Amino acid sequence: TLFNIYFPNGKMSDERLEYKLNFYDEALDQFDKLVKAGKKLIICGDYNTAHKEIDLARPKDNEKVSGFLPVERKWLDKLVAHGYIDCFRHFHKDEPNHYTWWSMRSGARSRNVGWRIDYFFASKNLKFKDCYHLPEVMGSDHCPLVLKV
């Protein structure tokens with residue numbers, strides 16, 4: 001079962017951040033129900049959160065910015081604790097400088113000052129062969145991701 005989700009952005013207000021976190025929890029409940037029923041899941045999309053410091057170019061500068069807040073990152077930890085695999089990090093564990101989104105301001109993409117906020121997560125009962133990004137493909141402030149199953 002494939003989910004292609006644009007997860008809410010929490011930058012507008014405290015209420016919007018709360019909405020984002022509630023959305024995350026509701027989505028995880030649905031994922032878990034399907035896996036419990038024997039489904040294999042791929043959950044891809046713009047999660048609007050960078051998980052670890054390695055997932056953005058300037059983690060210290062963004063510690064208090066929605067998209068890298070501890071409470072948002074904690075939910076991604078929770079997703080992993082529930083048995084979902086970050087497919088990209090499965091193959092590229094500690095490799096820095098891999099991003100999927102760059103601000104359109106100040107030539108961030110050409111300088112690779114980005115965030116990894118787009119993911120493929122898979123349930124542990126799904127086997128996959130490779131996962132990578134295509135940062136050279138232009139046309140958006142995000143780049144395409146590839147998951148081979």
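# Salt bridges, cores and helices in a predicted model

Lysine 60 pairs with glutamate 53 in a salt bridge (a side-chain nitrogen of Lys or Arg within 4 Å of a carboxyl oxygen of Asp or Glu), with 3.4 Å between the closest N and O atoms. This is a predicted model, in which local features need pLDDT of at least 70, side-chain atom pairs count only at pLDDT 80 or more, and totals for chains, interfaces and linings use all residues. Residues are numbered from 1 along each chain as its sequence is written, and side-chain values use heavy atoms, with hydrogens and water left out.

**Salt bridges**

- The whole structure holds 8 salt bridges. As a reminder, side chains of opposite charge can pair when their charged atoms come close.
- In the pair from the opening, lysine 60 counts as exposed because its relative accessibility is 56%. Glutamate 53, at 38%, is partly exposed. The cut-offs here are under 20% relative accessible area for buried, over 50% for exposed, and partly exposed in between (1.4 Å probe, protein chains only).
- Arginine 116 forms a salt bridge with aspartate 55, and their closest N and O atoms are 2.8 Å apart. This pair links distant parts of the chain, 61 residues apart: arginine 116 lies in the loop between strand S5 (114-115) and strand S6 (118-123), and aspartate 55 in the loop between strand S2 (42-46) and helix H2 (70-81). Helices (H or I, at least four residues) and strands (E, at least two) are DSSP runs, numbered from the N terminus.
- Arginine 116 also meets aspartate 86 in a salt bridge, at 2.6 Å from N to O. Here too distant parts of the chain are linked, since aspartate 86 sits in strand S3 (residues 84-86), 30 residues apart from arginine 116.
- Asp55, Asp86, Arg89 and Arg116 are joined in a network of salt bridges.

**Nonpolar cores**

- A nonpolar core is a set of buried Ala, Val, Leu, Ile, Met, Phe, Trp, Tyr and Cys residues joined through side-chain atoms within 4.5 Å. The largest one has 18 residues, of which Phe31, Ile43, Tyr47, Leu79, Tyr84 and Phe121 touch the most other members.
- Helix H1 (14-36), H2 and S6 each supply at least two residues of this core, and H1 gives the most, with 6 residues.
- Leaving aside residues up to four places away in sequence, leucine 79 touches Leu28, Phe31, Tyr47, Tyr84 and Phe121. Contact means heavy atoms within 4.5 Å.
- A second, separate core has 10 residues, including Ile42, Cys44, Ala122 and Leu147.

**Cysteines**

- How many disulfides does the structure hold? There are 0, a disulfide being a pair of cysteine sulfur atoms within 2.5 Å.
- The closest cysteine sulfur to that of cysteine 87 belongs to cysteine 131, and at 5.3 Å the two are too far apart for a bond. Cysteine 87 is buried, at 0% relative accessibility.
- Cysteine 143 is in no disulfide, and its nearest cysteine sulfur, again that of cysteine 131, is 10 Å away. Cysteine 143 is buried, with a relative accessible area of 6%.

**Helix H2**

- H2 has 12 residues and reaches 16 Å from its first C-alpha to its last, close to the 16 Å expected. The expected span is 1.5 Å times one less than the number of residues.
- Its buried residues are Glu72, Trp75, Leu76 and Leu79. They lie on the same side of H2, because they cover an arc of only 100 degrees around the axis, taken from the directions from the helix axis to the C-beta atoms.
- The face of H2 turned away from its buried side carries the exposed residues Pro70, Lys74 and Ala81.
- The cover over the buried residues of H2 includes H1, S3 and S6.
- Glycine 83, which follows H2, has a positive phi, near 100 degrees.

**Helix H1**

- The 23 residues of H1 should span 33 Å, and its end C-alpha atoms are 33 Å apart, which agrees.
- Leu17, Lys20, Leu21, Tyr24, Ala27, Leu28 and Phe31 are buried in H1. What covers the buried residues of H1 includes strand S1 (2-6), S2, H2 and S3.
- Just after H1, glycine 38 takes a positive phi of about 95 degrees.
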